[in-house]
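These are my notebook entries on a structure that I looked through. I set down each point in the order in which I looked it up.

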Amino acid sequence: MTSYRIPGKGRIDRSKPVRFAFNGDNYHGYQGDTLASALLANGVHLVGRSFKYHRPRGILSAGSEEPNALVGTSRGPGRFEPNTRATVLEVFDGLSTTSQNHWPSLKRDIGAINDALYMLFSAGFYYKTFMWPKSFWNKVYEPFIRGAAGLGKSPTEPDPDTYASRFAHCDVLVVGAGPAGLAAALEAGRIGARVILCDEQAEPGGSLLSETDAGIDGLSGWEWLNTAMAELATLPNATVLTRTTAIGYYHQNFIGLCQRLTDHLASPPQGAPRERMWKVRAKQVVLAQGSIEKPLVFDGNDRPGVMLAGAARSYLNRFGVKVGNRPAVVTSHDSAWLAAFDLAEAGVKVAAIVDIRPEVAGHLKQRAAALGIEVLAGWTVTGTSGRLRVASARVNPVSRGGVVGPARTIACDALLMSGGWTPSVHLFSHTKGKLDWNEDGQMFLPGDHAEASRCVGAGNGSFGLAAALAEGAAAGVGAAVDAGFKAKAGIYKVGNEVPLTGVSNRELPTDRNASRAKAFVDFQNDVTAKDIRLAVREGFKSIEHIKRYTTTGMATDQGKTSNINGLAIASDAVKRPAPAVGLTTFRPPYTPTTFGAFAGYNRGELFEVTRKTPIDGWAEENGAVYEPVSLWRRAWYFPQPGEDMHAAVARECKAVRETLGMFDASTLGKIEIVGPDAAEFLNRMYTNPWLKLGVGRCRYGVLLGEDGFIRDDGVIGRLTPDRFHVTTTTGGAARVLAMMEDYLQTEWPDLKVRLTSTTEQWAVIALQGPNARKLLEPLVEGIDLSEEAFPHMSVAEGRICGVPTRLFRMSFTGERGYEVNVPARYGRAVWEKLHGAGQQLGITPYGTETMHVLRAEKGYIIVGQDTDGTLTPDDAALGWAIGKAKPDFVGKRSLSRPDMLKEDRKQLVGLLTSDPDTVLEEGAQIVLDPNQTLPMKMVGHVTSSYWSPALGRSIALAVVEGGRAREGETVHIPMPGRTLAASITGTVFYDPDNKRLSA
Amino acid sequence: MMHEHHPLVGREIAIRKAMPLIVRVAADTARFSLRIDPAEIEKASKAFGLNLPAKIGETAISGEKRAICLGPDEWYLTAPLAEQEAVEQAFADLYATAVHSLVDIGHREVGIEIEGSDAVLALQSALAFDIEAMPVGSGCRTIFDKAQIVLLREAENRFRIEVWRSFADHVWGLLQAAGREIELDI
Amino acid sequence: MLLIRCPYCEAERPELEFTYAGEAHIARPADPSQLTDEEWKDFLFIRSNPRGTHFERWRHQHGCGRFFNAVRDTVSDKFVMTYKAGLPRPTETELKEARS
């Protein structure tokens with residue numbers, strides 16, 4: 001294959017050749033190449049098919065703005081990525097890539113029929129076509145749209161890579177390491193400011209890498225770049241990040257930088273993260289984002305081989321690649337002339353320079369003449385030819401009066417275009433900074449800043465090297481000074497710089513029927529100039545509407561190359577000035593960003609905190625099956641060999657009811673409440689009365705929100721007159737503490753009470769069953785466990801197994817129960833000791849499922865399962881827990897609101913299915929009349945439902961409208977295929993007289 | 001005596017390059033949460049045997065005792081295990097003249113030491129505030145990824161994290177990931 | 001992510017350390033039983049939801065733990081100022097000063 005590499009040119013490392021594949025064919029490139037430059041070096045221009053019309057497409061640009069050259073890359077199993085821009089993808093040995101949007105092959109694609117049917121696919125095609133008949137939607141239209149939709153192929157396997165993130169703070173963040181950004185970073189760095197300089201490319205330099213004519217301070221651009229980078233490397237306060245894209249600019253100078261760490265490596269180090277998201281907080285920001293060249297809009301401007309002139313210059317100077325053997329140039333801006341000159345000087349025959357402008361600077365014409373390049377000034381381009389690659393351009397003279405003359409054909413194998421340059425204001429726009437329309441330059445420029453930031457260089461409309469350096473240096477100093485440093489800017493002498501000008505255009509004038517022209521504005525979404533004009537004719541006037549109707553600027557490139565061309569055409573069609581039509585809003589991320597980069601460390605085991613109790617290790621070693629409860633993982637049940645969940649739970653339940661069970665209750669929230677007003681505080685927070693609770697006694701407390709609904713519950717013990725040990729639900733621990741702090745700090749700051757979370761200070765082992773006391777007695781010191789001294793609902797401090805304990809006598813099972821609190825690090829040893837000592841009593845560890853069954857048999861509610869934030873204590877059959885004599889407590893006033901007193905409120909009841917073997921589904925809806933017409937009136941739902949080993953049948957709790965008054969009635973639960981019947985009962989299924997609590 | 005179980009015991013992350021990073025589990029210590037009216041700070045200082053810092057973020061050290069001011073009325077106290085009961089007794093005696101809350105949180109927390117010239121870098125993986133600007137000898141409560149911690153800067157390149165024991169694994173996992181990046185110099 | 005100045009720590013700290021806690025300057029009535037159902041409903045549910053200056057409560061949850069008040073612009077999202085719980089609403093003059 002012919003090589004298009006030019007000896008001696010470019011910054012690629014010729015000592016490091018690499019092999020890569022594109023669509024199964026193997027090619028050679030060099031380290032330093034992008035996929036685009038390496039393909040061009042091999043003469044490959046056709047790299048993909050367009051999204052809508054499946055037109056053959058080539059490489060338009062040399063940067064991250066690329067709309068066309070999107071490829072799929074594969075780095076091994078699970079490492080397929082679609083839509084990677086070939087212009088930023090660095091080649092490495094073994095890289096495998098494929099083109100997109102075609103079948104069966106890139107060169108022969110069935111979907112290209114869409115191109116012939118383009119009249120059907122005009123603006124608003126989807127809205128107009130898929131309207132009727134309605135019955136077509138499911139069977140015809142949706143499958144069609146789903147089949148056609150989507151750019152590239154989604155990966156199908158989980159991503160095996162890891163990702164990193166890092167917070168960083170600096171005085172000055174400089175985005176863009178072109179000449180302006182470098183000058184800013186150098187100046188701010190020299191002064192001593194903490195500087196971060198980032199650039200999305202593999203190496204810093206920006207335009208210096210591609211535009212090699214001018215020099216700085218007597219050095220060539222590249223020499224100066226080396227000097228600048230060497231100096232930055234000596235500054236300990238400066239950090240340079242390449243391959244790092246500033247993706248979003250948020251409030252108070254918070255900027256997200258996505259750093260690509262390993263994508264360019266053939267064999268990344270084991271365990272290295274693929275990307276890192278930097279979250280930078282900068283005192284000052286300098287945006288030196290540069291500018292993006294505009295395509296010209298003419299028929300056939302999307303043919304492979306038609307590319308931006310600046311890109312061709314980059315491929316030549318930076319990568320040593322000529323984009324063709326006989327390129328032609330078509331332009332309305334001087335800069336494209338420099339591309340032609342560079343190519344000619346590198347020995348490439350330039351077919352012609354076609355300039356839309358009738359008048360062009362004399363020095364350009366002279367240089368063209370000296371290089372033997374034909375110049376056609378005041379000419380237009382009206383078409384291109386060539387099936388999979390441009391073969392010729394059709395050009396016509398345009399008279400001063402605008403009359404397009406007869407066509408002439410120029411043979412060429414590349415057509416380099418330039419419609420001028422658009423400052424990149426994306427990040428500035430993220431901040432809601434105001435954009436001002438610059439009529440002369442036909443561009444939006446940064447106006448008033450919303451953040452502490454500065455825009456410099458081409459990104460600020462200050463084109464040219466001297467301007468960029470001066471503005472960058474001034475901004476670097478200014479930013480450092482604003483960040484608290486003192487300094488003056490250095491001066492940069494620029495030699496050899498040619499001042500450049502240009503004009504902007506809409507569609508280029510043509511002698512052909514404009515309504516048949518395929519003059520593309522948005523290459524990625526296949527939007528043409530006439531689509532935009534059609535949208536305006538159909539009544540769309542705002543650019544935001546035109547954008548959504550035509551989809552211009554809505555592709556993954558966010559219209560980097562198309563927005564201003566689209567706006568110019570829309571503005572002309574609407575007959576209003578561009579700023580009145582407006583610019584669509586740029587949103588983060590600046591370029592497509594992986595989900596992995598956003599997730600950072602939070603995947604796999606670090607996705608979320610997994611809290612484990614001090615006893616968790618024992619449970620794991622003893623075969624526990626776990627369930628997640630808020631952030632905790634809790635032992636759900638302990639299956640023995642051959643047992644399923646049902647059998648294990650039945651065995652565990654039986655052990656508790658007949659002898660002794662042990663349960664890890666460490667996750668329960670615990671709050672230590674201390675102070676002379678502790679009892680008064682609890683009295684105000686909880687519904688129950690607390691002032692008269694004796695030391696050494698416990699009480700079950702119910703906590704409401706101010707709206708009167710149950711928020712939490714738990715047992716509270718009084719250790720001393722001024723010290724309470726409060727327990728909360730597992731999931732409610734943090735919420736309850738925050739709520740209590742809120743009342744203490746803001747409503748009752750006069751109360752002398754302090755709160756401390758002790759959830760994790762204590763490991764809690766619940767011992768439940770008739771033999772609990774028998775087990776404990778020989779192990780406990782300093783606490784009299786006799787019935788008289790330590791009755792149900794008691795608390796005492798002493799020692800167990802030689803370590804301190806807070807021992808509670810309480811029950812969430814209906815059996816005699818104790819909760820042994822020991823300092824957390826002793827939790828496992830005490831558990832093991834109790835487990836060992838309990839063997840002769842048949843002690844059985846049980847999990848949360850058994851705990852649920854046992855408490856449901858007793859009608860004990862679980863807040864958040866049997867309640868849902870709309871139940872009052874009375875609704876939940878907890879009216880007894882309200883201190884009737886108390887003047888106030890949180891939520892009390894709400895309990896007398898009219899809605900709260902209605903008799904048809906949903907109330908907690910028991911349900912017994914008519915078939916005792918049927919276990920209802922939790923969440924199932926309840927109706928009174930199963931024969932009513934649809935939709936049925938639902939009067940409640942099942943909140944808890946289990947098989948009860950003690951009763952030998954199913955039981956359930958439910959909330960039902962006016963349920964308590966319906967006791968004995970039959971309700972119905974419609975399920976798929978059948979309707980179940982159940983009768984309403986009280987909520988206590990087992991031992992209603994609580995005899996077993998002291999048995 | 002019963003065996004004590006630590007969530008991280010015996011584990012260490014040691015990146016031994018020219019720029020080392022060592023992350024290890026700190027030795028046990030007695031820990032207390034003290035909540036008291038700042039007007040009573042002198043009495044509390046006397047009871048603890050150390051002048052309590054008055055400003056949030058400040059720490060004070062005397063011998064093996066340390067106090068960090070975490071909030072306007074909140075101090076995080078650490079002392080040798082042997083002095084646990086003496087501290088409790090001293091504050092119990094103080095209660096009659098200055099009401100307060102002293103709560104034993106010795107088992108609630110796990111201490112993690114992060115040391116080395118890349119210690120800051122390792123912590124930047126999940127700490128959102130400007131840790132480079134954190135004064136040596138200061139301490140604060142903050143959040144490390146999704147885990148609330150108390151962070152101390154004991155020296156230029158030495159930090160200590162105090163974290164609730166069930167969050168310690170998560171913190172450790174992040175430090176391990178950050179340590180890997182430092183090891184690979186990536 | 002915003003930076004929020006905690007009036008107790010007297011420092012700007014990252015938003016991650018804070019939690020929002022609803023509209024400010026809505027005191028719980030000293031004796032709720034004296035309120036009519038209508039008044040109690042207003043206290044419970046009715047909030048100002050303004051466009052622009054909003055007085056709100058935040059808590060330095062993962063910091064000093066204090067609840068405090070803040071003035072924030074609901075259009076720009078930005079904080080105008082923060083002040084300790086219990087202090088009165090800032091005056092127009094104070095707000096103007098904080099904005100400049």
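This is a predicted model: local features need pLDDT of at least 70, side-chain atom pairs count only at pLDDT 80 or more; totals for chains, interfaces and linings use all residues.

**Entry 1: the annotated domain.** I began with residues 618-886 of chain A, where the chain is 25% helix and 30% strand and the end C-alpha atoms are 46 Å apart. Helices (H or I, at least four residues) and strands (E, at least two) are DSSP runs, numbered from the N terminus. UniProt, in an unreviewed entry, places the feature "domain: GCVT N-terminal" at these residues. UniProt positions are given in the numbering used here, feature names are shortened, and annotations may be inferred rather than shown by experiment.

Residues are numbered from 1 along each chain as its sequence is written, while chains are lettered from A and ligands numbered from 1 in the order in which they are written.

**Entry 2: a sheet in chain A.** I found an open sheet of six strands in chain A, in the order 47-48-49-46-51-50, with antiparallel pairing. Two strands pair if DSSP finds at least two bridges between them. Strand 47 (925-926) and strand 50 (970-975) of chain A each have a single partner strand, so one side of each is left without a neighbour in the sheet. Strand 50 of chain A is joined to strand 51 (residues 978-985) of chain A by six bridges. Pro974(A) has Thr979(A), in strand 51 of chain A, as its bridge partner.

**Entry 3: a sheet in chain C.** In chain C I traced an open sheet of four strands, ordered 3-4-5-6 and paired antiparallel. Its edge strands are strand 3 (19-23) and strand 6 (79-84) of chain C. Neighbouring strands of this sheet are turned by 30° against each other on average, direction ignored. Axes are lines fitted to C-alpha atoms, for helices over the stretch in contact, and angles run from 0 to 180 degrees between N-to-C directions. Strand 3 of chain C is joined by three bridges to strand 4 (residues 53-59) of chain C, and Tyr20(C) stands opposite Trp58(C) in strand 4 of chain C. Helix 2 (residues 92-99) of chain C lies across strands 4, 5 and 6 of chain C, at about 125° to strand 6 of chain C.

**Entry 4: where the chains meet.** I then asked how many residues of chain A are in contact with chain C. The count is 19 residues of chain A against 19 residues of chain C. Two residues are in contact if their C-beta atoms, placed from the backbone, lie within 7 Å. Helix 20 (residues 733-747) of chain A gives the largest share of the side of chain A that touches chain C, five residues.

The contact of chains A and B takes 39 residues from chain A and 37 residues from chain B. Here strand 8 of chain A brings the largest share of the chain A side, six residues.

**Entry 5: strands of chain B.** I saw that strand 1 (residues 12-15) and strand 2 (residues 21-25) of chain B pair in the antiparallel sense over four bridges. Glu12(B) stands opposite Arg24(B) in strand 2 of chain B. Strand 2 of chain B also pairs antiparallel with strand 8 (residues 109-115) of chain B, over four bridges, and Ile22(B) has Glu115(B) as its bridge partner there.
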